Structure formats: C-alpha cells, structure tokens
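Subject: Structure handover

Hello,

Here is the structure for you to look through. My notes on what was found in it follow below.

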Amino acid sequence: MGGPKNGRFLSTESNKIDEPFKVEEAETVNVPPPPSEKLLVLGGNGFVGSHICREALNRGLAVASLSRSGGSSLHDSWAKNVTWHKGNLLSSDSWKEALDGVTSVISCIGGFGSNSYMYKINGTANINAIRAAGDKGVKRFVYISAADFGLANYLLKGYYEGKRAAETELLTKFPYGGGLCDSLALASNNMKLSSSSSYGPLPFKDFAFSIAGVILRPGFIHGTRTVGSMKLPLGVIGSPLEMVLQHAKPLNQLPLVGPLFTPPVNVTAVAKVAVRAATDPVFPPGIVDVYGIQRFSQQMSR
C-alpha cells in the first residue's frame with residue numbers, strides 16, 4: 001500500500017483508490033449560499049443531472065448545464081432558470097466557454113456500450129472536464145461515479161476502468177486545500193465539523209477546503225425517471241430494497257457476492273449531497289460511498 005500523497009490514499013494495485021477518512025458532521029442549517037456561486041452540471045438534462053439542477057436552483061445557485069444535446073426536453077418550470085449549453089467533452093473547442101464564471105462543477109457524465117466506448121465516455125470525457133475545470137480555476141469538482149459490484153466490474157470492464165481513471169485524475173487535479181486542511185484531513189476520524197456559512201455556522205473557518213474534489217459512489221439510483229413521454233417509477237423497486245439493504249451492511253463485506261448487497265439510493269439524496277459537496281467548503285474531499293450518501297442526506301433532512 002502506498003503512503004499518503006496530498007491527503008489521498010492510493011493503492012498500487014489497479015489504481016484503486018482506498019476509502020477516505022470518516023468524518024461526522026454537525027446538524028446543518030439550510031440557508032441559501034451567496035448568489036455569486038455558479039454551478040455547472042455536466043449532463044444536466046439526464047436523470048441524475050436534472051435532479052441536481054433543480055436542487056441547486058432551490059438552494060439559490062446560478063445553474064448552467066452542458067450536454068451534447070444542449071437544451072432540456074423537460075417541461076418543468078425550473079428548467080427555464082437553467083442556462084443550457086451544447087457541447088461535447090471529447091471536443092475541447094466546443095464547450096470550454098461554459099466554464100466562464102463557474103465556481104464549482106458536478107459531472108454526471110457516463111454511459112454504456114462497448115468497452116472502448118464506455119472507457120471514453122466514463123473516463124476520457126470526464127478527465128477532459130476535470131483538467132479544463134482545474135485550468136479555469138474552478139474551486140470544487142464533484143464526480144458522480146459508481147459503487148463496485150464485484151463480478152460486474154469485469155463484465156463492464158470499460159465502464160469501471162473509465163470511472164476509476166476519472167477518479168484518479170480528479171484527486172490529482174483537485175487535491176485537498178493547503179495548510180490546516182491537510183492536517184485536519186489526516187487526523188479527524190472522529191472530529192465533528194460544523195457546516196459552512198451556507199449550511200450553518202463555521203467556528204473553525206481555517207479548516208475549509210479551498211480546492212477539493214469529491215467522488216460520490218452510489219449503487220443503483222432510483223426515483224421517477226422520464227423516458228420520452230413515459231415516467232418510470234424506479235422507486236417501486238428501489239425504495240423497499242434501500243430500506244432493507246441499508247441495515248445489512250455486513251453482507252456487503254462478503255467475498256464475491258458482497259457488492260450485490262449494496263443498497264440502492266434515491267436520486268433526490270444523491271442530488272442533495274452532490275450540491276452540498278460542490279458548495280460547502282468544509283464538506284470533506286475524497287470518496288463518499290453509498291452509506292455516506294445516505295448519512296449526509298439524512299443529516300440535511302433533520
């Protein structure tokens with residue numbers, strides 16, 4: 001196992017990124033963030049991306065979206081308040097102006113197909129976005145990745161290799177903030193952090209992470225998904241499974257089959273945590289697994 005570098009823990013085996021330190025947080029207070037913050041959602045017209053856009057608007061952020069199709073097919077009233085950009089992350093000249101004035105980015109870019117295509121859309125496209133955002137001075141980058149599913153990782157090799165390559169690039173390009181942040185990151189297993197001014201009082205302002213990358217690793221994401229004129233109630237299956245499996249965490253540690261017991265998570269929870277991670281300077285950088293997503297979401301709902 002390699003030693004810590006820039007506050008990250010990287011394994012020498014298959015570029016695997018170990019799970020980060022555990023941080024508990026104090027209760028949050030929902031106060032809108034400063035209006036100067038601008039969020040760019042990559043893939044904002046998709047299932048997860050559209051929920052993130054709506055959550056960010058509800059929090060008072062200026063929101064823009066970038067996708068290959070440009071505008072949203074949604075007819076919801078909130079969609080009119082999003083600035084829709086058309087561009088291809090695999091073509092650098094077609095989209096970089098979308099980063100103008102952006103303070104944080106959330107990427108929901110991903111897809112399935114052949115192994116080469118999956119690596120390109122899950123890996124290369126996101127790596128391009130991460131590098132461009134870093135060069136542009138974006139402060140925080142949140143990447144919606146995916147939980148490991150054991151044998152499924154081999155069946156969808158290009159998908160998971162692309163995801164992990166993007167994760168490695170993110171933690172390289174967006175390391176922890178300097179100074180006291182690094183000390184806190186390495187030594188605060190049981191320290192409770194209050195939220196930033198956007199979410200509540202912050203008594204230790206010097207502990208804010210000035211530049212940070214956050215990786216969310218949900219499993220199956222459920223909710224009502226719109227496909228054309230049809231609405232698919234994925235929660236009919238996902239919600240009961242989430243209720244059962246979130247209390248069966250030991251099963252997740254079983255060899256080979258354990259990852260199949262990873263609980264689903266509601267798309268609303270993913271959106272809430274993603275927006276918070278993109279705007280709260282004391283949200284801990286690193287990897288947040290499905291159990292962390294559930295915990296943060298529950299704290300925000302109190």
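Helix α7 is mostly covered, with 11 of its 13 residues buried; buried means under 20% relative accessible area, exposed over 50%, and partly exposed in between, with a 1.4 Å probe and protein chains only. The buried residues of α7 are V267, A269, V270, A271, V273, A274, V275, R276, A277, A278 and T279. This helix covers residues 267–279 and reaches 18 Å from its first C-alpha to its last, close to the 18 Å expected at 1.5 Å a residue. The expected span is 1.5 Å times one less than the number of residues in the helix.

Before going on, some background. This is a predicted model, in which local features need pLDDT of at least 70 and side-chain atom pairs count only at pLDDT 80 or more, while totals for chains, interfaces and linings use all residues. Residues are numbered from 1 along each chain as its sequence is written, and side-chain values use heavy atoms, with hydrogens and water left out.

The protein chain has 8 helices and 13 strands. Helices (H or I, at least four residues) and strands (E, at least two) are DSSP runs, numbered from the N terminus. Of the 302 residues in the chain, 49% count as buried. Among contacts between residues at least 6 apart in sequence, 72% join residues at least 24 apart; contact means heavy atoms within 4.5 Å.

Next, the helix pairs. Helix α1 (residues 47–58) packs against α7 at an angle of about 55°, with the axes 8 Å apart. Axes are lines fitted to C-alpha atoms, for helices over the stretch in contact, and angles run from 0 to 180 degrees between N-to-C directions. α1 and α7 are therefore oblique to each other: angles under 35 degrees count as roughly parallel, over 145 as roughly antiparallel, 65 to 115 as roughly perpendicular and the rest as oblique. On the α1 side, F47, V48, H51, I52, E55 and A56 meet V267, T268, V270, A271, K272, A274 and V275 of α7. By class, this contact has 9 nonpolar, 2 polar and 2 charged residues. Ala, Val, Leu, Ile, Met, Phe, Trp, Tyr, Cys and Pro count as nonpolar, Asp, Glu, Lys and Arg as charged, and the others, Gly among them, as polar.

Helix α2 (residues 115–136) and helix α4 (residues 157–173) pack at about 10°, with their axes 6 Å apart. That makes α2 roughly parallel to α4. Their contact includes M118, Y119 and I127 of α2 and Y159, A165 and L170 of α4. It has 8 nonpolar, 7 polar and 7 charged residues.

K38 lies in strand β2 (residues 38–42) and is partly exposed, with a relative accessible area of 24%. The C-alpha atoms of K38 and T103 are 5.4 Å apart, although 65 residues separate the two along the chain. Not counting residues up to four places away in sequence, K38 touches A62, A64, D100, G101, V102, T103 and S104.

D76 lies in the loop between β3 (62–67) and β4 (83–86), and N81 is placed in the loop between β3 and β4. D76 is partly exposed at 37% relative accessibility, whereas N81 is exposed, with a relative accessible area of 53%. Leaving out residues up to four places away in sequence, N81 touches L57 and V63.

Regards
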